[in-house]
2 protein chains.
Amino acid sequence: MAIGAVGEFELIKRYFARPEIARIQGRHTGDLMGIGDDCALLDVPTGMQLAQSLDTLVEGVHFPAHCDPFALGYRALAVCLSDLAAMGAEPHSFTLGLTLPRVSELWLKEFSEGLAHLAQKYQLPLIGGDTTKGPLTLSLQVQGLVPKGQALLRSGAREGDLICVTGTLGDAAGALEAVLAGDTQEDCADAHRKCLLDRYWYPSPRLSAGQWLRQSGATSAIDISDGLLGDLRHILEASGMGAVIAPELLPTSFALNQTYGQDAALGMALTGGDDYELCFTIPREQAATLPARIPDDCPITCIGQITNEPGIIRDSQGIPLIEKAYTHF
Amino acid sequence: MAIGAVGEFELIKRYFARPEIARIQGRHTGDLMGIGDDCALLDVPTGMQLAQSLDTLVEGVHFPAHCDPFALGYRALAVCLSDLAAMGAEPHSFTLGLTLPRVSELWLKEFSEGLAHLAQKYQLPLIGGDTTKGPLTLSLQVQGLVPKGQALLRSGAREGDLICVTGTLGDAAGALEAVLAGDTQEDCADAHRKCLLDRYWYPSPRLSAGQWLRQSGATSAIDISDGLLGDLRHILEASGMGAVIAPELLPTSFALNQTYGQDAALGMALTGGDDYELCFTIPREQAATLPARIPDDCPITCIGQITNEPGIIRDSQGIPLIEKAYTHF
């Protein structure tokens, strides 16, 4: 069939209703009815709440034009799943609103394979969506399950709680120049830069870590999408608290340190977005029993503590830190 | 504050987290946690399923540039709610992915008021979303509740069932020329044309009708967004059935008949999209007891019946009807 003759419905069937994405058997989606009717139908087990998050990604704003469609599909879903991780929720299903300027079968095949890769990893079926013509835009909504009343909120931080982060920070910021230049992993002769690009395009949503933290006494959590300082501030605002953090304690990767030097690396760790690690708070007594690595083989690092000085973040010397978080306008 | 200095978070707060949209007390959303954390949290009562539908609307594709933002907000939500109506679901909540080329406070105010108008009518809180910069695109997801296993599906039509529609058809198609010309209701000297424009911009999602039909023995339903013939075909494909319909029985409005004449009006009723009426099937014995008007003060009209000739739609003379449904590519 000529590409021009492929209708919307045929497109949806061919690339998104295929079993690798749409027929994944989730732990809680046995009775789920997905793509193919006016609505998808979901069961939510008794005693559980549905956690939902929506992310919109626009070409030229959130990702460069002509980027690798497999990486784009993977990253878009990972970014969205990261919000479930921050609530301590278990993945359930997702929907996709896809706006495309034109039909490219190759693009759709690779994009849908990127989605499928992550969807299979987390047993997360695509249950519905919409495909339209227009400037390339992805709108993904993920949903997860969390025991009623037990989600990790932003508002639970209390004075004296320790502030911790998962993984290493700043890697995605360290890749930004290469991302904007359109470099692919194959273009990278330098192993460290390749590693940073990998971290940008294939972030690991900290789902197991988030669920583990929810059950281990964490009082609040957020995923670091706009930069540590900006995202920590959301916790502080929601909790009515302040913080003191030690920037010199921020965990940075060998690849980032080698590429930019320690000082620049710490700066990226402090304000760089797109790492999708978790920032969480936990009472000191619970923190004392935390292992060095939690599920997802995820290291955790204590970087500061919560104070009762609402909205103020100070460094170890008591000097206020002024953030510059990413805003879209 | 200068408009240029308004950040994403401030925008969300000002226009979408306001009580008229975000703090609506839905019948089932008492414990719901909405805008302001990584995810929204929803309760789904025991014995109910969550029905979800996503619609993406792109400027210049699904609505004209520079259209009235109030009408746009109203219509976008109405169109999405129509999918819940087609499943017989009760509205629960919605999320909004909003991509904007620039921040216009006036536009945001009016757009959010259009959303709020309908959200209040149906007690439907906005529980989350995302605001980004880019070409004007709306991605709305609505969710509703339906008793488990009782949703009106497309797949339930059986041989001999009567085919019925709600309301009148073709009105939105009759308004299309004026919509594309950018005419507003105020520009319309002609009362009939004004009425058609109203039907285009302010469709009534048939929510009460859909719930009533679910409880009254309807076997399948779909909302007419792409044209009766195309949408009926979805029911036939899902049910493995065919249909015979009498185009001369299609209900058309006085306004449409007066503006275009009876013949052209019937043509619009047969293939015109955007009316968001319901097409449903119901066994003959149940149909015999249907009142002329069902809830929503909604007239219903029988237009044909289901046959066992899969995929074929014939008219009363037995001649196959070839549809031209709207496709986006």
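Biologist: How many of the interface residues of chain B are also interface residues in chain A?

Modeller: In this predicted model, 100% of them are, so the copies meet through the same surface, contact being heavy atoms within 4.5 Å. Local features need pLDDT of at least 70 and side-chain atom pairs 80 or more, whereas totals for chains, interfaces and linings use all residues. Residues are numbered from 1 along each chain as written, chains are lettered from A and ligands numbered from 1 in written order, and side-chain values use heavy atoms without hydrogens or water.

Biologist: Which rotation superposes chain B on chain A?

Modeller: A rotation of 180° with 0.0 Å of shift along its axis does so, with an RMSD of 0.0 Å (least squares on C-alpha atoms with pLDDT of at least 70 in both copies). The two copies are thus related as by a two-fold rotation axis.

Biologist: In what order do the strands of the open sheet stand?

Modeller: Strands pair through backbone hydrogen bonds, either parallel or antiparallel. Here five strands (DSSP E runs of at least two residues, pairing through at least two bridges) run β4(A)-β3(A)-β5(A)-β2(A)-β1(B), with mixed pairing. At the edges stand β4 (126-133) of chain A and β1 (40-42) of chain B, each with a single partner strand, so one side of each is left without a neighbour in the sheet.

Biologist: Which strand pairs with β4(A) in the parallel sense?

Modeller: Strand β3 (residues 90-100) of chain A does, over seven bridges, and within these strands Leu98(A) stands opposite Thr131(A) of β4(A).

Technical notes. Helices (H or I, at least four residues) and strands (E, at least two) are DSSP runs, numbered from the N terminus.
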